[in-house]
Amino acid sequence: MTWKNFFVSWDFTLAILIASVSWFFLPDVICGTILKDLYSSSISVLSILFSMFFAALAIIISLNDNNFINFLEEDGYFSKLLSQFRFSLSAMFLTLIIALCLYGITIFSITNPFWGQEKLQINIFIFAFFYSLFAVFLSALDAIRYLQTRLKFIKTNRK
């Protein structure tokens, strides 16, 4: 995936849009108890998606045969598919690490009643979270297209 594809994609655009809208609705400083629950929930969601995504990638890789890979690689589709999966997996992993770090910071700082996190930190997290969700969704659509192409390939080779 090139940087141009990253910035000119609907997953990036939607994530920026959601982060921009949240910028206007969030207060300048947000209470730690609210953030603790937000980060905890997002860690759960990202962990489940991460494991499911990793399993889906393993299934796609294990369903290959050399003829089909060569067929897809004629147009570079298989390399693009793996590149998209790698990028989405990396984005989700990075977002999970960010969520874990912010959750840890929030837990340790929550004892101070005057402490809160700045709106910028939260918006960066919101962008990363939604970008990861949308990137995983696009990768899932790519996986479905891959399986449909594989079915067509199998039907064609049977004839």
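Which residues form one aromatic cluster? The members are Y39, F125, F129, F130 and F134.

The model is predicted: local features need pLDDT of at least 70, side-chain atom pairs count only at pLDDT 80 or more, and totals for chains, interfaces and linings use all residues. Residues are numbered from 1 along each chain as its sequence is written, and side-chain values use heavy atoms, with hydrogens and water left out.

**Confidence**

pLDDT is the predictor's confidence in each residue, from 0 to 100. The chain averages 83, and 92% of the residues score at least 70. Helix α1 (residues 3–7) has the lowest confidence, at a mean of 52. The highest is in α2, at 90. Helices are DSSP runs (H or I, at least four residues), numbered from the N terminus.

**Aromatic pairs**

The structure holds 14 aromatic pairs. Rings of Phe, Tyr and Trp (its six-membered ring) pair if their centres lie within 6.5 Å; planes under 30 degrees apart count as stacked, over 60 as edge-to-face and the rest as tilted. One of the pairs is F78 with Y146, tilted, at 6.4 Å centre to centre and 45° between the planes. F78 sits in helix α5 (residues 77–109) and Y146 in helix α6, so this pair ties together parts that are 68 residues apart in sequence. F130 and F134 are also tilted, because their ring centres are 6.2 Å apart and their planes at 35°. Both lie in helix α6, 4 residues apart, about one turn of the helix.

| Residue | Relative accessible area | Class |
|---|---|---|
| F78 | 10% | buried |
| Y146 | 0% | buried |
| F130 | 26% | partly exposed |
| F134 | 19% | buried |

**Nonpolar patch**

L17, V21, W23, F24, F25, L120 and I124 make a nonpolar surface patch of about 800 Å². Two elements give two or more residues to the patch: α2 (10–25) and α6 (119–158). Helix α2 provides the largest share, 5 residues. Patch residues have over 30% relative accessible area and no salt bridge, and nonpolar side chains are joined within 5 Å. A salt bridge is a side-chain nitrogen of Lys or Arg within 4 Å of a carboxyl oxygen of Asp or Glu. I124 lies in helix α6. I124 is partly exposed, at 48% relative accessible area.

**Cysteines**

The structure holds 0 disulfides (pairs of cysteine sulfur atoms within 2.5 Å). C31 is partly exposed, at 38%. C101 is partly exposed too, at 45%.

Technical notes. Patches are made of residues with over 30% relative accessible area and no salt bridge: like charges are joined within 9 Å, nonpolar side chains (Val, Leu, Ile, Met, Phe, Trp, Tyr) within 5 Å. Accessible areas come from the Shrake-Rupley method with a 1.4 Å probe; for residues, only the protein chains shown count as cover. Buried means under 20% relative accessible area, exposed over 50%, partly exposed in between (1.4 Å probe, protein chains only).
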